[in-house]
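Here are a few friendly notes to read alongside the model. Take them in order, with the structure open beside you.

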Amino acid sequence: METFCESCRRHLKNLVELIQNASENLLQKIKDLFESIQCCSCLKWSKPAPHRLYKPVLRQHEKAAAQEILQHIEEASEGKVIDTECLEALQTLAASENPSLQQSAALYYLHISEQLKNELPEEYLEPYYALLQSNDLEVQRKASLSLVNLLVEGNVNKERVVQIGLLEPILELLGSGDATVQCNSCACVAILATSVLNREAIAAEGGIKTLLGLAKSYDPRVQQNAVGAILNLTRSEKTQLLLCKEGALPVLILQLQSPDSEVQFYSCSALTNIASNPRHHPNMLQIGDGILLKMLLSLMSSSVVKVCCQACHCLRNLSRNEDTQADIVAMNFLPQLHELLKFSSKSVNEAALSVLSMLSENHSNTDVIVSENILKSLGKLLLTHKMSPGINNYVATIIQKLATSKTQQAIIDSQCVVVLLQALSRLGVHDESLLYVTLCIAELTKYETIRTQVIQGSDVDIAAHLLMLSSQSENIDLSFQAACIISQLGLDEMFSMLLRPHAREIVGYVLRFLKHQEIRFQHLGLLTIRNLGKDSHFAAVFSERQLTLQLNRVCQQTAETQELLQAVLFHKEGDQKQDD
């Protein structure tokens, strides 16, 4: 009879205590306990070691193979650990019934995995099938460890390992009663699962259920590798569905409470991947009466940076739903997010900003975000991380989304406008963040109070920089947003005077806009003429022949378009009358 492990003894002890206490839901708890015991690795079927009435005789070809391996170990240089004779010897030793000879083969594979610098020829993988299925525990340990090493170093092709049939014995080793073998086989599965094709194969072979069981292992090494394997399986939508069907969500959420930060990180990363698909959100948030959000809030306070960041990323994916956003705000996530903005870690700042960016998309959250005094911290981040595209992009986007007629004064008080103008002057044309900053300023200048502060903070250099950006024909979006700012600020006489020396440049980009096929460019060109034309200097410049001719063409195109539109509408009305 099999010997029960410590885990199963604990379950049986709990069973006795339940019977003695005679609780109301006794039958269900008994069922749950037996299911836990049944899933435990100590009761997994394993091939019994064959009962021998004789000591295996060392055959001549096995003796020669062993001598060949010994000689190879003595003579092999670092650059030559494999050759044809070595392969034949390994094949012989791996297929032997003698455990000592199999151990020799497994040991040499371990030597290969530590010394090999290039890819292992595929034929060297074939002996692994016999070694991984060996009845000898030491053979299993060494063979599985060497395979892990080869996979980690990229010495073997992950897809080929599965294609030649090694996945089956690897998955069988997950059910071993030995923690080292479980640890190694979990590591193999974790690496194999980085391949899309292998993920489906692992799921098809029934690997998911076993991994979920091992994710609750009392051995930290086994638990870590099992959860790591589950994480890699969540990288495909199809295996996400299969994981959820097999009950992965409660297991992963439970592991967020693990004392091991690696397990926390892997579990949270897996949940982040699953949360990228909104269809899973209801199930994720219903477990344990919404315990997931509470756990994420707790992990956001973690001293381990990557755990803290991953909790934010998971929250960001979950906050795509407006109802979830309401729960996030109600559970006081905002103060914690605000604290993360003050951290010295750039990755923590960026992770918190990703959540705030999602929350700020919903205008019903605007007032509560602004009241948390987050705007001041956003301005400080722009100053602190001047050359960080990720932070600059998020900050500019959030400020833009928070801009309303009611929040104008708060934006001004936070000094965000001043910092944005500094960023506008500092960033180069090829900086990714420049478009986000320009777009934000263009949005802010729609509000009169903010526009006044922008004008007060502008000088000749700002005006010249905006004109340079407006002339960027290669980056049409950047050109458009810069021109929007000029058009808005041109309503002010003081700024209009700053633009006068550049009148010819303005005519140049306005003319280009009027010729553009997109209506938004034509509209902006006309708006710029109207706003700046209030200045007598620009009124005279805009009356030049070339610009006048192009305006007439636009007018003619507009008239033709309007005539065609009326004809189409008239035709539709006629068809409707006939139908009636």
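1. How much accessible surface does the chain have, and what share of it belongs to carbon and sulfur atoms? The accessible surface is about 29000 Å² (Shrake-Rupley method, 1.4 Å probe), and carbon and sulfur atoms hold 51% of that surface. Please keep in mind that this is a predicted model, where local features need pLDDT of at least 70, side-chain atom pairs count only at pLDDT 80 or more, and totals for chains, interfaces and linings use all residues. Residues are numbered from 1 along each chain as its sequence is written, and side-chain values use heavy atoms, with hydrogens and water left out.

2. Now for the overall picture. The chain has 36 helices and 0 strands; these are DSSP runs, with helices being H or I of at least four residues and strands E of at least two, numbered from the N terminus. Among contacts with a separation of 6 or more, 70% are between residues 24 or more positions apart; contact means heavy atoms within 4.5 Å.

3. Look next at helix H25 (residues 389–402) beside helix H28 (residues 432–444). Their axes, lines fitted to C-alpha atoms over the stretch in contact, come within 9 Å and cross at roughly 15° (on a scale from 0 to 180 degrees between N-to-C directions). H25 and H28 are therefore roughly parallel (angles under 35 degrees). The residues that meet include Asn392, Ala396 and Ile399 of H25 with Tyr436, Val437 and Cys440 of H28. By class, this contact has 8 nonpolar, 5 polar and 2 charged residues.

4. H25 also packs against helix H24 (residues 374–384), at an angle of about 150° and with the axes 10 Å apart. H24 and H25 are therefore roughly antiparallel (over 145 degrees). Leu375, Leu378, Leu381 and Leu382 of H24 touch Ile391, Asn392, Val395, Ile398, Ile399 and Leu402 of H25.

5. Finally, visit Glu119, in the loop between helix H5 (99–115) and helix H6 (126–132). Is Glu119 buried or exposed? Glu119 counts as exposed (over 50%) because its relative accessibility is 54%. Beyond its neighbours within four places in sequence, Glu119 is in contact with Asn155 and Asn157. Glu119 and Asn157 are 38 residues apart in sequence, with 8.2 Å between their C-alpha atoms.

Terms used: Angles under 35 degrees count as roughly parallel, over 145 as roughly antiparallel, 65 to 115 as roughly perpendicular and the rest as oblique. Ala, Val, Leu, Ile, Met, Phe, Trp, Tyr, Cys and Pro count as nonpolar, Asp, Glu, Lys and Arg as charged, and the others, Gly among them, as polar. Buried means under 20% relative accessible area, exposed over 50%, partly exposed in between (1.4 Å probe, protein chains only).
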